[in-house]
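Dear colleague,

Please find below the structure that I am handing over to you. My notes on it follow directly after.

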Amino acid sequence: MLLERKNSGITAEEKERLKIREGTATNNPTCRFCGSLLHHNFADLGMSPLCENYLESSQLTQMEPFFPLHVYVCERCFLVQLEEYVSPVEIFTEYAYFSSYSDSWLQHVKNYTDMMIERFGINPHSHVVELASNDGYLLQYFVQKGIPVLGVEPAANVAKAAIEKGVPTLIKFFGEKLALELANEGKYADLLIGNNVLAQVPDLNGFVKGMKVLLKPNGIITIEFPHLMQLVDGNQFDTIYHEHFSYFSFITVESVFAAHGLTIFDVEELSTHGGSLRIYARHTEDTSKSVSKRVTGLKDKEKTVGITHLEYYNSFAEKVRETKRKLLEFLVRIKQEGKSIVGYGAPGKGNTLLNYCGIRTDFIDYTVDRNPYKQGKFTPGTHIPIYHPDRIKETHPDYVLILPWNLKEEIMDQLAYIREWEGKFIVPIPAVKIYS
Ligand SMILES: [Zn+2]
């Protein structure tokens, strides 16, 4: 009797505990688009700090929060995604990334605005809205042509720079709620732009729903985002960081848009950010723009490489580990030869690479960045000091490791003078390559 009571008591309690424990143990995240349970690994880069959290010297002796960088792929819709470990409010309210510090990026968006004016007749009667408009780097070119614009940018420090250059900007996060508010005020968009923002929204469905709400009946959406196929082909694992919640193939993005009544009618493959897509979308009800052959062409291309099969994603993890070993092997060898190495740039992707590979001041004396916001600070996690680019001229390093490898041509041009002392460039991705 006693035994029985004891047994059943323990069993019930144990059962409850087990349930809790199992619940935690199997608490797999769910797909932010289709809601399926996620259990297929894409890449696991261990623990990393937030990559835009540059440190002041006074913070170097304090604790620093690290979060997992574990990326899954959804077996149903093939959305590659990172759990929302940190809320966007924490990440984007004060942001160190100013788009205007890259000359080639400015040229890219200038060409884009000219093309949109020419191809779709955007004019002073149109209303152009950009989501994540940053420091007004893009909208300024529409403003110059007298075209009314509205920027939406949650990072107050960055938005302030936009407002100062005459680009009206709302300091807010975009989603369905804000879209409804703007729609109520009649602020619909003829052209709705989102560059490198789709990856950065945890509430993907709410964001796309919001675009549907804000778009005029014949309006056009253009979105640019890094192409997952290029990430895999180019081994660009360093573009994985906490700010990037999703990684898209064309096929997956098309199904996300379709689920919210938007049809992608054209697509371009771009070389920016290591290979991006620019998609053109419209309301599904708007038949005035027919679907281009480029859409079916790209879908066929993705199917051929295996985008709709899990095996495609599974092989990536080992490729990443191999890259780490090769890069470290090289750095160890040149350090043993007594050479000096410095970095160029302190981009988000650089911080993923440095943290994942464990590269600190034991390998790299310092890095430099054109962005004055980062100068005088230290890289998150790895604590490498960041200086003005002129430092390279003063210290004559043997090697310069280019962290924003997507801008390597531009950077090697700017730094051509290192050849005066036989300095060389190291580009780490897709595989270590030396340029002398
Ligand atoms: Zn899914």
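**Zinc site**

Cys31 (SG), Cys34 (SG), Cys74 (SG) and Cys77 (SG) coordinate the zinc ion at 2.3 Å; donors are N, O and S atoms within 2.8 Å of the metal (3.2 Å for Na, K and Ca), and water is not among the atoms, so sites may look incomplete. This is a predicted model, in which local features need pLDDT of at least 70 and side-chain atom pairs count only at pLDDT 80 or more, while totals for chains, interfaces and linings use all residues. Residues are numbered from 1 along each chain as its sequence is written, and side-chain values use heavy atoms, with hydrogens and water left out.

The arrangement is tetrahedral because the four donor atoms around the zinc ion subtend angles of 100 to 120° (four donors count as tetrahedral if all angles lie between 85 and 135 degrees). Along the chain, the donors of the zinc ion have the spacing C-x2-C-x39-C-x2-C. Cys34, in the loop between α1 (2–25) and β1 (40–48), and Cys77, in the loop between β2 (67–73) and β3 (80–82), are 43 residues apart and link distant parts of the chain. Helices (H or I, at least four residues) and strands (E, at least two) are DSSP runs, numbered from the N terminus.

**Strand pairing**

Strand β7 (residues 189–195) pairs in the parallel sense with strand β8 (residues 215–226) over six bridges; two strands pair if DSSP finds at least two bridges between them. Leu191 stands opposite Ile220 in β8. Strand β8 is also joined by six bridges to strand β11 (residues 276–283), and these two run antiparallel. Here Phe225 stands opposite Leu277 in β11.

Yours sincerely

Note on methods: Four donors count as tetrahedral if all angles lie between 85 and 135 degrees; four count as square planar and six as octahedral if opposite donors are over 155 degrees apart and all others between 65 and 115; anything else is irregular.
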